[in-house]
Amino acid sequence: MPKVKAGKRPRLERQESRAAGILFNTGAGQHILKNPLVVNSIIEKVIACEIDPRLVGELQKRVQGTPLANKLEIKVGDILKTDLPFFDACVANLPYQISSPFVFKLLLHRPFFRCAVLMFQREFALRLVAKPGTKLYCRLSINTQLLARVDHLMKVGKNNFRPPPKVESSVVRIEPKNPPPPINFQEWDGLVRIAFVRKNKTLSAAFKSSAVEQLLDHNYRIHCSLHNTEIPENFKIAEKIQTVLKNTGYSEKRARSMDIDDFIRLLHGFNSEGIHFS
């Protein structure tokens, strides 16, 4: 144990430096980079995707003859049809009609990226962050929150655009969960799709749709064939579905109030009985 003599303060292993009125603690590693040229050299590359050739030309004109020209790569085309490269962060002001497919293109992209800061139509952004039991909670909400942490950062009024859109906007930050949950996303989405078609219905009622029963019966028979499981002659998929819902305790539950853990347990209940959704 270190000893300190009475009447004297212990020596602090710290050197201090002052800049812009802030006292930096160099002992804690506070060495603030002040040369913007070094910062710019650290940024390896910006990869932009734009479908409008006119805007591509304008961007190229703005960086032509500057040090930024060598750090900018522009992919011309539809982002939904473009293979995404490796990237660390994504920043975008998206055409609102492609918001949902773009979000899931990002979240299913590998390798993982660190974060995305995206601008959306206000209602879409609020659906991304909506919680169980709220009006805007939907399939989009639970699917996004299964795969990522989503935060609403700011509101952006329509007068900030030229020309102004008819709707208000919001900026959100999306950070993918890494590692992702150990769930087959296609199968997960198949389950929540059925549950949220009529999110105010009980699951018992939602699963009585003839189309749903036909799909799950088809999948169940494939599962039994692959596992050499004999199906009784009097087998009825409707009865098996309702048995799973009852045994898991979700028969009278409604999708609008169910969270991620609820759907994980329900999916496990169906899968353990050989019922699959993809």
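**Ground rules**

I call a residue buried when its relative accessible area is under 20%, exposed when it is over 50%, and partly exposed in between (1.4 Å probe, protein chains only). I am reading a predicted model, in which local features need pLDDT of at least 70 and side-chain atom pairs count only at pLDDT 80 or more, while totals for chains, interfaces and linings use all residues. Residues are numbered from 1 along each chain as its sequence is written, and side-chain values use heavy atoms, with hydrogens and water left out.

**Entry 1: the whole chain**

I began with confidence, the pLDDT, which is the predictor's own score for each residue from 0 to 100. The chain averages 89, and 87% of the residues score at least 70. Residues 1-16 fall below 50, and this stretch has 11 contacts in the model beyond near neighbours in sequence. By contact I mean heavy atoms within 4.5 Å.

Next I noted 10 helices and eight strands. These are DSSP runs numbered from the N terminus, H or I over at least four residues for helices and E over at least two for strands. Of the 278 residues in the chain, 34% are buried. Among contacts with a separation of 6 or more, 66% are between residues 24 or more positions apart.

**Entry 2: salt bridges**

How many salt bridges does the count come to? I got 13, taking a salt bridge as a side-chain nitrogen of Lys or Arg within 4 Å of a carboxyl oxygen of Asp or Glu.

I looked at D88 and R114 in this group; their closest N and O atoms are 3.0 Å apart. D88 sits in the loop between β4 (72-76) and β5 (89-93) and R114 in the loop between α3 and β6, so the pair ties together parts 26 residues apart in sequence. D88 is partly exposed at 41% relative accessibility, and R114 is partly exposed at 46%.

I then turned to R139 and D189, whose side chains meet in a salt bridge at 2.8 Å, N to O. R139 belongs to helix α5 (residues 139-147) and D189 to helix α6, so this pair ties together parts that are 50 residues apart in sequence. Here R139 is partly exposed, with a relative accessible area of 28%, whereas D189 is buried at 11%.

I also wrote down R149 with D151, closest N and O atoms 3.0 Å apart; D151 is partly exposed at 24%. E58, K61 and R62 are linked in a network of salt bridges.

R122 is in helix α4 (residues 122-129). Its side chain makes a polar contact with the side chain of S170 at 2.7 Å. That term covers a pair of N or O atoms within 3.5 Å; within protein, one must be able to donate a hydrogen and the other to accept it, and residues adjacent in sequence count only if both atoms are side-chain atoms. Leaving aside neighbours within four places in sequence, R122 is in contact with K155, V156, E168, S169 and S170.

**Entry 3: helix α9**

I checked the length of α9 (residues 237-248): at 1.5 Å a residue its 12 residues should span 16 Å, and the end C-alpha atoms are 17 Å apart, which agrees. The expected span is 1.5 Å times one less than the number of residues.

Within α9, I237, K240, I241, Q242, V244 and L245 are buried. An α-helix has 3.6 residues a turn, so residues three or four places apart point the same way. The buried residues of α9 pack against α7 (203-206), α8 (210-226) and α10 (260-272). After α9 comes G249, with a positive phi near 85°.

Most residues other than glycine have a negative phi, and most peptide bonds are trans.

N228 is not a glycine, yet its phi is positive, about 50°. N228 lies in the loop between α8 and α9, and is exposed at 73% relative accessible area.

R110 and P111 are joined by a cis peptide bond, omega about 5°; P111 is in the loop between α3 (99-107) and β6 (115-121). The bond from N178 to P179 is cis too, with omega near 10°, and P179 is in the loop between β8 (169-176) and α6 (185-196).
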